[in-house]
Amino acid sequence: MTDAKEFAWKSDLERLEQAQQELRKSFVPALPESNEPICINPTLNLLVMEWKHLCDFLHDRKTEIAPEEGQELILLYKKPQDGAIQMAPVTDSQLLALKVYAENLDRQAVADEAEVDVGKVDEAIEDACELGLLLSPPSAIVRTGAHYPDVGSGGLERYLQSDYFTLQWHVTQACDLHCKHCYDRSTISPLTLEQGISILDQFREFVLDRRVHGQVTFTGGNPLLYAHFEELYKEAAKRNFTIAILGNPTTRDVIESLQEIQPLSFYQVSLEGLQEHNDSIRGEGHFQRIMEFLTILDDLSIYSMVMLTLTRENMGQVLELAEMLRDKVDLFTFNRLSQTGEGAALATAEKDAYKQFLEEYVEAAKSNPIMALKDNLINIVKEDQREGLFGGCTGYGCGAAFNFCSLLPDGDMHACRKFQSPIGNVLESSILELYKSEAAERYRLGPKECRGCKIRPVCGGCQAVIQSSGLDITLNKDPYCFIDEI
């Protein structure tokens with residue numbers, strides 16, 4: 001490199017170093033209050049450089065990446081809260097996000113101008129907020145003191161506010177199985193594709209208003225039997241939603257076609273125990289079809305999950321099944337049976353044996369990485385053993401109508417699919433209106449007997465089990481709760 005060129009890039013480097021020094025003297029930006037809009041980080045500085053790779057050189061003087069002649073825009077700013085200085089070349093996505101708030105533009109208009117789906121603009125803004133380029137108010141999915149009047153600090157405050165929301169969408173009742181514990185075999189006419197797209201638009205408005213990331217989990221019945229499933233999947237992908245499926249085994253071609261649209265976050269299937277018992281519940285040959293399908297998911301690098309509905313009959317098979325699945329699935333867990341629909345004919349786990357089962361499950365999970373913790377009551381075991389608590393069923397204890405809702409094929413919204421928990425219909429009121437309703441608030445509040453419990457932010461029991469046991473979900477705690485015994 002000639003002396004003239006070296007002088008030129010060193011001049012740019014000095015400008016960058018000076019800007020960095022000035023930034024160190026600036027204040028640490030604060031996040032906006034909940035009633036304030038998203039804004040550009042006030043410490044943000046956009047520097048136009050005539051040489052590339054100067055950030056690499058400034059980070060590491062021994063780098064083998066040499067400065068290269070050519071214009072490069074560099075972002076320099078302080079992150080909110082910790083004040084860490086960030087410095088990197090700007091990306092097109094970041095410029096897109098900054099343009100929206102620098103010029104106060106409509107997201108859809110920006111998407112149209114850039115000839116991209118509006119979800120790409122949403123994603124760019126979400127990423128910019130994550131990086132601290134844009135400052136966003138905190139999530140509005142938050143439990144207030146009224147929900148937990150007696151819960152002190154104890155490190156559980158982080159479970160009172162969620163940064164994501166899951167819409168579990170039962171797009172059809174059609175199913176190629178007839179399981180003995182099915183919650184609902186009634187005939188419900190599915191929505192049209194146009195109605196489905198309008199619901200996705202509603203959900204987008206909801207997550208933007210609540211300032212969270214949205215996940216759509218398609219299920220049924222068997223969601224793949226919905227006549228317009230691939231089109232609906234495409235529309236969900238266009239809106240920056242994470243997408244998952246709770247369904248039955250299908251062909252490799254079907255999964256590959258979905259992956260081309262947008263990679264799945266996960267695909268969950270069900271097993272109800274070892275092969276003989278499972279097939280007695282879900283049909284002859286089902287166990288083997290699941291094993292073959294898990295191989296397909298593994299070949300396609302799709303995160304796979306197996307869910308078991310826990311009953312009195314299969315409780316003794318859980319640990320053996322988990323060991324059998326050790327190298328075949330990414331995650332295995334269980335839900336307790338809710339005696340709803342055809343599940344009313346099956347027996348629930350014996351209460352006296354359940355505590356011991358949870359203790360054995362937690363112990364086995366320590367050496368089997370696929371065994372996930374889901375049932376909220378596991379936190380009682382962990383509290384008793386002085387171990388760190390986990391997030392519970394939806395990551396925030398009972399997530400019914402908090403960071404999770406179920407949507408039925410006709411647009412009826414429920415707090416949770418496992419029990420009758422109606423909130424309203426999305427064809428008559430918006431998802432946001434339903435979320436703010438008194439009905440939704442009642443499910444979020446949960447049982448009165450749980451209030452003041454020291455682990456309430458990560459528990460709350462299971463309202464489906466409470467209701468199917470003939471108890472009052474607004475008053476009575478989970479009948480399997482054993483916290484008073486520790």
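In helix α9, which runs over residues 275-282, the buried residues are H277, N278, D279, I281 and R282, where buried means under 20% relative accessible area, exposed means over 50% and partly exposed lies in between, with a 1.4 Å probe and protein chains only. Helices (H or I, at least four residues) and strands (E, at least two) are DSSP runs numbered from the N terminus. This is a predicted model, in which local features need pLDDT of at least 70 and side-chain atom pairs count only at pLDDT 80 or more, while totals for chains, interfaces and linings use all residues. Residues are numbered from 1 along each chain as its sequence is written, and side-chain values use heavy atoms, with hydrogens and water left out.

The cover over the buried residues of α9 includes β9 (267-270) and α10 (286-299). After α9 comes G283, which has a positive phi, near 115 degrees.

Within helix α9 sits D279, a residue that is buried and yet has no salt bridge, since R289, the nearest side chain of opposite charge, is 6.9 Å away. A salt bridge here is a side-chain nitrogen of Lys or Arg within 4 Å of a carboxyl oxygen of Asp or Glu; as for charge, Lys and Arg count as positive and Asp and Glu as negative, whereas His and the chain ends are not counted. A polar atom of the D279 side chain does, however, lie 2.9 Å from the backbone nitrogen of F287. Leaving aside residues up to four places away in sequence, D279 touches E284, G285, H286 and F287, a contact being heavy atoms within 4.5 Å.

The C-alpha trace spans about 85 × 50 × 50 Å along its principal axes, and buried residues make up 52% of the 486 residues. Of the contacts between residues at least 6 apart in sequence, 67% join residues at least 24 apart.

Elsewhere, helix α4 (residues 107-114) holds E113, which is exposed, with a relative accessible area of 60%. E113 and S257 are 144 residues apart in sequence, and their C-alpha atoms are 29 Å apart in space.

Conventions
A polar contact is a pair of N or O atoms within 3.5 Å; within protein, one must be able to donate a hydrogen and the other to accept it, and residues adjacent in sequence count only if both atoms are side-chain atoms.
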